[in-house]
Amino acid sequence: MNGRINILSAGPGITVQDLGRPGRLATGLSRGGAADRLALHEAAALLGEARILAGIEMAGMGGNFSFSIPTRIALTGAPMHASLDGKPLLWQASHHIEPGQVLNIGGAKAGVFGYLTPAGGVQNPTILGSHAAHLAVGIGAPLAAGEILATGADKTPERPANILQVRNRFSGGQIRMMPGPQTDLFSSDTLAAFLGTVFTRSPTGNRQGVRLDHDGAPFAAKLSGQASDLITPGDIQMTGDGVPYVLLSECQTTGGYPRIGTVLEADQPLIAQAPPGANVSFTMVTLEEADAIYRPETSQIATIRKSVQPLVRTPHDIQDLLSYQLISGVVVGDED
Amino acid sequence: MPPKATLTAPAPQLLAFGPDAVIVRFSLTPDPGANAAAQVFSQLVEQSRHQGLIEVVPSLASVMVRFDLAQVKRGQVINELSQLLQGTDWTQVDAPPPTRRWTIPAVFGGETGPQIDEAAACAGLSREQALTTLTQTPLQVLAIGFAPGQPFLGLLPDVWNFPRQSTLTPQVPAGALVVAVRQVVLFANPSATGWRWVGQTAFRPFQPEKVDPFPLRNGDEVRFEQISDTEYRALLAGENAGADVAHCEVLS
């Protein structure tokens, strides 16, 4: 049975996201999709799904949600305050929700983009092959209180809740980059200065990209007036005044400002999730190292699934069931 | 030596581009010959149907080739592209003639083109001379990019070869005509830009509700027809109501 999500209240930056619209650069449409793609892969792994489901991306702040069918949900990405009918819920976990219960998701404790993914996936109508809002080009819009989203059915709502240990990618840090077609337009001194700088993630940022602030000289290229050329997410673009912006999911497809390099795909969640004020710095790897580090996205769910664990032990999971005292069928949970 | 993405020199250069793509760059700066080479080479790569190539995108002076790393490694793609480049003098390639000619009404100057005088001054022209050039130069769609359906049009005469501004204009509206480096861009969406804003059109290069959401194609010819602010506002009302505001003529 398909269901509905009722948006009872919504923060200003919540949108439906999936993996976007790849393969359309020739029409000027960038891929878009989740700002932290890894979070959607983690959601699929937590829910035992082999395919990526469309979920709700929440920038900084969530909202209140209820569901029309029994379903599991996954909470991934930036950890946020979450509760179900007032009882706290763990993040980086899946949970069971009954119709009528109210899921409250508050502000982010760290990072920027949190994700709420129902087990049947959000099933709003697709545009150009994707459920995702692409705000920069006018596809879709932020979700607002009162909206109702269709979801697919959860075929196994009774499956136990899971939890996932994830590396902290929600507070900036050291980010690996690779050289790109315009790295040579910067002098080796400028590149060295860039790599030696600790930046602060500026409050200026959205799904298109984030600005990085620093004290000291700007990072000017040796040449201006070059033809606009193709852009890929993760590109570190210097505007004319030498201020770096790291381009994210909804970046433009081409641009004329030179790019000093590209953040490795594996580290793009780190920059997307660095909250305003977080320190970030860059290390350059060689092309050969970048190619060796790269893992195709399609292999990620299987890798993540190895780290998924049951959230609580249920009698079903306990091998030596008879060694437990079962009083009136209730396991208190602290027997061992 | 710092790490480099450059794989060959001189032009055309093969350059690594992110985890799974290569860029073939015919020129660093806008150049009619390099644009023609990019258009012709992208068709050649498309037609080659090499295994593992999943996206071929021509840009102003380069072509991006994305590949599937599960099927093919970067080194193999470089070899295949190098072979396709061989045997042609890419500085002597002619662009295919345009097959369609668009006439797009536009208003210049005033609130909907506040930098016309500044742009004219950059080109060393009077406002009248600049307007004559903008409306009488047959322009070509050199590339579609930045935003969905958005055309880069050119090339204007060489005096228009001035750079982008050093700071971004926070926002120009959808339909804005902006100039820099011998080109005109017609913005598909409200956008920040480093280009100078000289005019405005009611035409929308991205029409998501239509069967073909992307009306302009690489190689199309475009001319701007000067209209008054009043006419522009009437066309904008029509455009919002779904009317076609630009005229497209198919050339034999």
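**Entry 1: where the two chains touch**

I began with the contact between the chains, which takes 44 residues from chain A and 50 residues from chain B; two residues are in contact if their C-beta atoms, placed from the backbone, lie within 7 Å. Before going on I noted that this is a predicted model, in which local features need pLDDT of at least 70 and side-chain atom pairs count only at pLDDT 80 or more, while totals for chains, interfaces and linings use all residues. I also noted that residues are numbered from 1 along each chain as its sequence is written, and that chains are lettered from A and ligands numbered from 1 in the order in which they are written.

Which elements give two or more residues to the side of chain A that touches chain B? I found α2 (188-195), β16 (229-230), β19 (254-255) and α4 (287-293) of chain A, and α4(A) gives the most, with 3 residues. Helices (H or I, at least four residues) and strands (E, at least two) are DSSP runs, numbered from the N terminus. I then sorted the residues on this side of chain A and got 17 nonpolar, 22 polar and 5 charged; Ala, Val, Leu, Ile, Met, Phe, Trp, Tyr, Cys and Pro count as nonpolar, Asp, Glu, Lys and Arg as charged, and the others, Gly among them, as polar.

**Entry 2: chain A as a whole**

I looked up the elements of chain A and found 5 helices and 22 strands. For its 336 residues a compact globule would have a radius of gyration near 20 Å, and the 22 Å of chain A agrees with this; the radius is taken over C-alpha atoms, and the globule rule is 2.2 Å times the number of residues to the power 0.38. Taken along the principal axes, the C-alpha atoms of chain A fill a box of roughly 75 × 40 × 30 Å. Of the contacts in chain A with a separation of 6 or more, 78% come from residues 24 or more positions apart.

**Entry 3: the barrel of chain A**

I followed a closed barrel of 7 strands in chain A, in the order β13-β20-β17-β18-β15-β14-β21, and its pairing is mixed; two strands pair if DSSP finds at least two bridges between them. On average, neighbouring strands of this sheet are turned by 40° against each other, direction ignored. α2(A) packs on the sheet, where it touches β20 and β21 (279-284) of chain A, and its direction makes about 135° with that of β21(A). For such angles, axes are lines fitted to C-alpha atoms, for helices over the stretch in contact, and the angles run from 0 to 180 degrees between N-to-C directions.

I then looked at one pair, β13 (residues 173-178) and β20 (residues 259-263) of chain A, which run antiparallel and are joined by 2 bridges. Here Met177(A) stands opposite Val263(A) in β20(A).

**Entry 4: the open sheet of chain A**

In what order do the 6 strands of the open sheet stand? I read them as β7-β6-β9-β4-β1-β11 of chain A, with antiparallel pairing, and the edge strands are β7 (87-88) and β11, each of which pairs on one side only. β1 (residues 3-10) meets β11 (residues 148-151) of chain A over 4 bridges, and Asn6(A) has Ile148(A) as its bridge partner. β1(A) also pairs with β4 (residues 63-67) of chain A over 5 bridges, where the bridge partner of Ile5(A) is Phe67(A). β4(A) is in turn joined by 2 bridges to β9 (residues 103-108) of chain A, with Asn64(A) bridged to Asn104(A).

**Entry 5: a helix and the core**

Why is helix α1 (residues 37-46) of chain A largely enclosed by the rest of the structure? I found that 10 of its 10 residues are buried, so the helix is enclosed in that way; a residue is buried if 20 or more other C-beta atoms lie within 10 Å of its own, exposed if 12 or fewer, and partly exposed in between, with C-beta atoms placed from the backbone. After α1(A) comes Gly48(A), whose phi is positive, near 70°.

I finished with the largest nonpolar core, which has 161 residues, and those with the most contacts inside it are Val22(B), Val65(B) and Val178(B). The largest share of this core, 7 residues, comes from α1(A). Such a core is a set of buried Ala, Val, Leu, Ile, Met, Phe, Trp, Tyr and Cys residues joined through C-beta atoms within 7 Å.
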